[in-house]
Amino acid sequence: MILSPTRPGATGSNAPTAKGVAAVVAPLVAGTPYAPALARHGWSCIAVTLPETLQADAAPSRLLGQITHTGSLRRTARDLAHVGTTAVVAGSPAGCELADRLAARLGLPGNAPATADMRRDTAWTSAVLRDAGLSAPRLLRTASLGEALRWAQFTRLPQLVLEHPDPARPHPGALCRTSADIRAAWHRQQHRDSQPLVLREHHPGTQFRIHTMSGSVHDGNDAHTVTAIWCESHTRERQIHRADLVSGRGILARALTRYTQRAFTILGVRYGPAQATVVYTPDRGPTLTALRTDAGTEFAPEALRAATGHDPVADTVHLILTGRREEPLPARTTHTTKVALLPRQDGMVNPEVLHTLTSLPTMAAYTPLIAGTAVKAGQVAGWLLLAAEDMRAINRDHQAIRAAENFGLYGRTA
């Protein structure tokens, strides 16, 4: 256990004076967005870091204390109880399982610890959903390349995805059509002989990212509120390059909502934010392929809150403070699209072209983009948020963005 000198609580004269203390497990950065959001209500935050995710150069902010979890659940829970922890949330996908187990150990609200393994492993997730009668991918979880090749030959599925079973891993997996594809992807992804991988059927349908907030049931409402549905488009390398906000009033949105709510109940999701990756095909309907129970990070939370009526971090803070889910703000009726900048070559951001892009008519927000910044081929260089009453205006600006990427946005390095 490691405590920073800025921790929010200690014994004696340094006893905590905050209204409450929230533990954020495995925050992506020390200055987790939960800290300022809770501080406005008189709460303090303490970061629970994992040795494998701890950033050496990320000093805790003035609002955060820090505990390093070294493997003992009992010890980490004891240290959190010592500083008066009254809420536990995951700060990243890597912290989801530990956050649930710590909350249960401390007697605080959280997702069901008995099903934590099912949520953390895509193979278990699929098996549980299939047993309950819900659509889920056929797959094999194995540490043996030979077994994976034999399963692929037996099933004769036209396309398969090889991926790590833990959805917290950031890579998107590899699309495989032949045994040679499976072998190549296997050697790239398996870093030790005992490490299992998942080989699953590929669903060629439309992919959606579904954001939810779960909490206690009041007035007969469902335990899970769907707060946003994004229709995602991907490159051939399976990188997301565009996401369009879907209206929640259509038949498709209702089908996705019902499926996600049923799946989350089965998987023991019952408190806080979550995100589901769901593929929809006309013959099978919705199929869940990935789940994470953290708020995620958004580059333009205020603009997205205006578009969806929700903000995952603000909604989670409301849940912590009141025990109830936030009533959504009236969402705008405008179309909203997130666009990823994906350079095809290494280079530098051209200032003139960048200024043109950020001045497009539908531009609502964008990540901090600095002229002259080096970019890497195949890595997301930034995100843009487009909003307009007419979808055609967004499509025109989207075409302009892609044209700029191909002709001058990423000038070659000297």
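The structure is a predicted model, in which local features need pLDDT of at least 70 and side-chain atom pairs count only at pLDDT 80 or more, while totals for chains, interfaces and linings use all residues. Residues are numbered from 1 along each chain as its sequence is written, and side-chain values use heavy atoms, with hydrogens and water left out.

Let's start with helix 3, which covers residues 96–106. Helices (H or I, at least four residues) and strands (E, at least two) are DSSP runs, numbered from the N terminus. Buried residues in helix 3 are Cys96, Glu97, Leu98, Ala99, Asp100, Leu102 and Ala103. Here, buried means under 20% relative accessible area, exposed means over 50%, and partly exposed lies in between (1.4 Å probe, protein chains only).

What do the buried residues of helix 3 pack against? Their partners are strand 1 (20–25), strand 2 (43–49), helix 2 (73–82), strand 4 (85–90), helix 4 (116–120) and strand 13 (285–292), where contact means heavy atoms within 4.5 Å. After helix 3 comes Gly107, with a positive phi near 70°.

**Salt bridges**

How many salt bridges does the structure hold? There are 17, a salt bridge being a side-chain nitrogen of Lys or Arg within 4 Å of a carboxyl oxygen of Asp or Glu. Three of them are listed here.

| Pair | Closest N and O atoms |
|---|---|
| Glu97 and Arg120 | 3.4 Å |
| Arg305 and Asp315 | 3.6 Å |

Glu97 and Arg120 form a salt bridge. Because Glu97 lies in helix 3 and Arg120 in helix 4, this pair ties together parts that are 23 residues apart in sequence. Arg120 is partly exposed, at 22% relative accessibility. A network of salt bridges links Glu97, Arg101, Asp117, Arg120 and Asp166.

Arg305 forms a salt bridge with Asp315. Arg305 belongs to helix 9 (residues 301–308) and Asp315 to helix 10 (residues 312–322), so the pair joins parts that are 10 residues apart in sequence. Arg305 is buried at 15% relative accessible area, and Asp315 is buried at 2% relative accessibility.

Glu405 and Arg402 sit 3 residues apart in helix 12 (residues 391–406), separated by about one helical turn. An α-helix has 3.6 residues a turn, so residues three or four places apart point the same way. Both Glu405 and Arg402 are buried.

**A stop at helix 11**

Finally, Thr356 is found in helix 11 (residues 351–358) and is partly exposed, at 48% relative accessibility. Thr356 and Leu409 are 53 residues apart along the chain, with 9.8 Å between their C-alpha atoms.
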